[in-house]
Amino acid sequence: MTIDSTKPVIIVVEDEAQIRRFVRLALEVDNCIVHEAETLQRGLIEAGTRHPDLVILDLGLPDGDGVDFIRDLRVWSQIPIIVLSARTEETDKVRALDAGADDYLTKPFGASELVARVRAHLRRRSLNSNEDNSVIEFGNIHIDFRKRIVERAGEALHLTPIEYRLLTYLVSNPDCVLTHRQILKAVWGPSHIEDAHYVRIYMGHLRKKLEENTSQPRHITTESSVGYRFMP
Amino acid sequence: MADIKDQRPNPDELLEKVQRENEKAQRGKLKLFFGASAGVGKTYGMLAAARQLRAQGVDVVVGVVETHGRKETQAMTEGLEILPLKKISYRGRILKEFDLDGALARKPELIMVDELAHSNVAGSRHPKRWQDVEELLAAGIDVCSTVNVQHLETLNDVVSGITGINVWETIPDRIFESADEVVLVDLPPDELLQRLKEGKVYLPQQAERAIQNFFRKGNLIALRELALRRTADRVDVEMQQYRREKAVTSVWKARESILVCIGSGVGGDRIVRSAARLAGLLAVPWHVIYIETPELQGLPDTKRDKILKTLKMAQDMGAETASLSGNDACETAVDYARQHNLSIVMAGRDHPRPWSPLRRSFADKIGVLAPELDVIQVSREEGDARESFAISPLQQQIDRMEKGWHGYAMATLACIVATLIAAPLHTVFELSNIVMLFLLTVVFVAIRYGRGPAMLASFLGVAAFDFFYVPPRFSFAIGDMQYLLTFMIMLAVGLITGQLTAGLKHQARIATSREARVRALYEMSRDLSGALIPEQIAEICGRFIESQFGGKASIILSNLEDKLKPPIAATAKPPIIDHGIAQWAFDHEEAAGNGTDTLPGSSVLYLPLKAPMRVRGVFAFEPVNPGQLMTPEQRRLLETFARLISIALERIHYVDISQSFAVTMESERLRNSLLSAISHDLRTPLSVLVGLADSMTLTKPPLTGQQMEIASTMRTEAMRMSALVNNLLDMARLQAGEVKLNRQWCLLEEVVESSLRAVSTSLSHYKVSVRLEENLPLLEIDAVLMERVFCNLLENATKYTPENSKIEIGASSADQEVIVWVEDNGPGLPKGKEEEIFKKFERGQKENATPGVGLGLAICRAIVEAHGGSIHAENRSTGGAKFVFTLPKGNPPAIEPEFDSSEGECV
């Protein structure tokens, strides 16, 4: 078997054969190499041997807790992990994200949605490694980290220190779902872990300053009961 | 007679066996070296085995070995670890004894403990060495030990019968029976005698003569036979057990069991041993009872101890024992036999009584009382008999006393006999001695027949003495006034003795009835502990009332509102209950009615059933005769009884509660697992459908326009199906009360935002606007569920309005709540249906082409109400429908304002 080094390698850990099948179909059309694993055990072996660029993990596997898988994987790898889960399982999603997963998809999800997310995370990965991140632009927002300047449509924007820290943290994790807990820890410090309403309030302030339509924001979106996602 | 039945392995027995084996597995194993007499080489054999095991690497320790200085045996211990003996000082001497604690601390795999039947020095933990061994076994240590045939409890008297030597050191047969392995160490008598001659057998110096007697060839042959046979019996039992386990053939078993009655005599041990042998042979259970009659109550402590020892011995041998009391030993024994389904009664043979040939023996009496029982009489050794188990003469006399005239006739007869006996003596002895004879007669009569006959005997005695012997003879004239004193003394003796007898009898009767009462209470409480419903308690209660009081009784329970329910009749005829009094007794927690201070005119007594937690009801009792309840003893009994009943009632109350709780838990668990199974099973194929339909559109080469449309329709429909399933499951969860709100302080804005994103595909052809009041407070809501509310309302709007309609989401703050609305400018709601649409499976327009099952609004209402708000629908005055719901504001947490020190810095 010849491995095309330009093609991203993706591991799908999922016990339902049919779901594996369509995920593989969708990703292969998108020029990825897909390896399947039916169990967590198998998944870890595949992850350790295939040099994957991304892992897609179903949280409801019969042979164990997907969160343990994420922790195990995070010990030695920072590759993106996208978890699949059912609706009404918000706590599972939060646990998985807190453990180190980057994103989640709620079943049922479309192939286009999946492919879009996979692409976004692969792109983020290559960006992280290559570019100088001191200046970031998205929409009509321009951020210069070195100068600590945020501009909207060319006009300087006043941000409070917390708002600035919040923005910095969001921007440095594009396309990832960040839980309330993760944000609190990064922006307020470990002593405020339970005060999720602080995040909501300040996120509201930040949005008002950055977004054109706060009820349908383009860059900072809410994931109900889970957290937020920044999309450049 | 024998109830024969197929004995396939009974599951209970098998279970018991498994348990026994489990127990055994944890216990150490006992291996016995069994021999006919001293000197056959048991200790040697044991040590040989120990050496062999040690060579195999087993951790063997010698606990105690009596080598008696024999060189061969001594040599065998070499190389083995020997546990030091413990020194115990006893009466100024230091004695060495096996060190049990040392052995337990050392905890070897296997320990050698010689002479199982050995009695420990006073001051040791256990009086017998076999008890030490039991403790070792219990600690999981394997034990090897030695035992001689004469040391077996059941064979003890056989051996002493053969050899004429009593052996005091015995072990209970069960130790022998439960030994895991028995090795017979056999030596022909001739060889043993040879060894004895060579001085190879140890004999204690003092008892040499007796021992020499013991080692006669005849004895040795008999002992050897006993040992062989006992070992063979054991093998047989093992064989039988094997057969039972493997169910090779059906095994037949007679359902006979044995009742052994023992009395105060020394023969008790003998009877028990015979019974043990018989029970062993028949392999049936056996009971040993001692019946305490009023006469036997006065036994000296030494005899009482003896009886208790006999009972203890019986227990050690595996019998069930009981000490009963009753007026008539025969009746009590027969009752016991019937109660416990025992078909054979064993008792010692009564001593022949030449002076009362008409008296029936114990066995005969049993035969008359219970012809269905087999009676076995066990022979007694000379000297045993007088004190044997017999009907107490006193008791019989007491019985007879009640027959009235009989006593007086006997008194008369006794006086005649005394007079006749005195006739020849009169010439030899002085008159003062003759008087003693008459005095004796009075005492005799008083003891046997009580006060009345004793008085008669005094009168008759004095009269006869006066008439026949006091000069002048053959006349009632009294020559000397001193005979008047004689008469007074005789009368006094008669009266006092009679009084004492009567008192004794009375006490015995009281003791018996008290015992019966305690027994009845005990039996009732035992029955009550098994009762599960109030009717059972009432029935048990009725049985007790009938046996102890007679009369009518009912139990009246209370409901949760502390009102009494209809009574449950306990006796066949329930009393007529006045509910007013019953309720009063219940409310005031005091007895009322007959015999109390409250409404004593009533014929029924109402006792509140006070349990530890609360009063459970009232017990109503109507005695046969109204004065019956006045005695404190009866009242006390009744109160104890009521207490037992109330505790039982409380217990079943809590049993009910725990059961219903268990049922609720179980049904909840079932529902949860059903829901999650359904949701998984329905969602997985839907996910696959959505995914596959979607991936079709991505395939290369691209699909044609028509195929593309098909794929996209498939996807849309599958998504809708998924939404439907979600709604159904949400509804099921909400209805089951299973949904626990994950309430957090959230911004409504965020919920609206994520909802709009979730239904963005459906909304793509509508003009959606959001108009939230500035600075809405944080709301304590479950964001995920609230998102469902918005999604359902928005989807509803898209379903019932034409494309390009306007949909507006708004919110404003009111005094205590936040009002939220979703409105459209579509056709509006059908008139008068504004409330109905929130019902399950209810839709605005019946039979139309709009998809859905009408769950959306019902879910919205359930969620909003769970948040403490309300929801309603109305038609807008400008046309279109408006759904309005409220959410309570609560007390939002304070947010510390940020001190913006960096003002201007980030510009």
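**Group meeting: chains A and B**

Okay, let's start at the contact between the chains: across the interface of chain B and chain A, the rule picks out 4 salt bridges. Keep in mind that this is a predicted model. One bridge I'd like you to find on screen pairs E750(B) with R207(A), and their closest N and O atoms sit 3.9 Å apart. That one does make it under the rule, because the cut-off is 4 Å.

How much area do chain B and chain A bury between them? About 4,200 Å², with 55% of it on carbon and sulfur atoms. As for who takes part, chain B brings 51 residues to the contact and chain A brings 46 residues.

Now over to helix 5 of chain B, residues 129–138. Its buried residues are R129(B), W130(B), D132(B), V133(B), L136(B) and L137(B). Look down the axis of helix 5 and those buried residues fall within an arc of 150 degrees, so they line one face of the helix. You all know the background: an α-helix has 3.6 residues a turn, so residues three or four places apart point the same way. Just after helix 5 of chain B comes G140(B), which takes a positive phi of about 85 degrees.

Last stop, the surface. L689(B), M696(B), I710(B) and M714(B) make a nonpolar patch there of about 340 Å². Two elements of chain B each give two or more residues to that patch: helix 23 (632–698) and helix 24 (705–735). Take I710(B), which belongs to helix 24 of chain B. I710(B) has a relative accessible area of 49%, so we call it partly exposed.

Notes
Residues numbered from 1 in each chain as written. Chains lettered and ligands numbered in written order. Predicted model: local features only at pLDDT ≥ 70, side-chain atom pairs only at ≥ 80, totals over all residues. Heavy atoms only, no water. Patch = residues over 30% accessible without salt bridge, like charges linked within 9 Å, V, L, I, M, F, W, Y side chains within 5 Å. Areas by Shrake-Rupley, 256 points an atom, 1.4 Å probe, with all protein chains shown as cover. Salt bridge = Lys/Arg side-chain N within 4 Å of Asp/Glu carboxyl O. Helix = DSSP H or I, 4+ residues; strand = E, 2+ residues; numbered from the N terminus. Buried < 20%, exposed > 50% of the residue type's maximum accessible area, 1.4 Å probe, protein only. Arc of directions from axis to C-beta. Contact = heavy atoms within 4.5 Å. Buried area = accessible area lost by both parts, 1.4 Å probe.
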